[in-house]
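Student: Could you walk me through this model? I'd like to ask a few things as we look at it.

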Amino acid sequence: MKSSDIDQDLFTDSYCKVCSAQLISESQRVAHYESRKHASKVRLYYMLHPRDGGCPAKRLRSENGNDADVVDKNKCCTLCNMSFTSAVVADSHYQGKIHAKRLKLLLGEKTPLKTTGLRRNYRCTTCSVSLNSIEQYHAHLKGSKHQTNLKNK
């Protein structure tokens, strides 16, 4: 990747603005900048913020090498830079979380914060276990181990 004024603002020795990563040591900096996760985020960043000021979602080239005016959405997704083998695979991609996330980033929409008070961790103090969902918690309460621990206490 060529070094420019924009790149120097995004990637410093102590902070990566694209990934929001604080880089404390030389080894951490090297490991971060060489990681696949960083490279993926940089590609997405430049797709959404092109240097030439053009359209954020770059168009893919057609088979003959010319820029295509219309890209068949069942063959490729220009936003995610993916190609598909069938319409079913394309539909699955368009309904997926990754495409939806990139589309929201492209449109500048903020992801709504969960203010419903949903918990991510459910704890049974009787059995000293943590569970990830309310369904798991209810299943645990009905389970034989929990029932045995209740009787023993």
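Predicted model: local features only at pLDDT ≥ 70, side-chain atom pairs only at ≥ 80, totals over all residues.

Student: Is H140 buried or exposed?

Tutor: H140 sits in helix α6, residues 134–142 (helices are DSSP runs of H or I, at least four residues; strands are E runs of at least two, both numbered from the N terminus). Buried means under 20% relative accessible area, exposed over 50%, and partly exposed in between, with a 1.4 Å probe and protein chains only. H140 has a relative accessible area of 16%, so the word is buried.

Student: Which residues does H140 touch, leaving out those up to four places away in sequence?

Tutor: Contact here means heavy atoms within 4.5 Å. With sequence neighbours up to four places away not counted, the list for H140 is C124, C127, V129, L131 and H146.

Student: And is S20 buried or exposed?

Tutor: S20 is in the loop between β1 (15–16) and β2 (21–22). Its phi is positive, about 55 degrees, although S20 is not a glycine. The relative accessible area of S20 is 53%, so S20 counts as exposed.

Student: Where does S128 lie?

Tutor: S128 isn't a glycine either, yet has a positive phi of about 55 degrees. Its place is the loop between β5 (122–124) and β6 (129–131).

Conventions:
Residues numbered from 1 in each chain as written. Heavy atoms only, no water.
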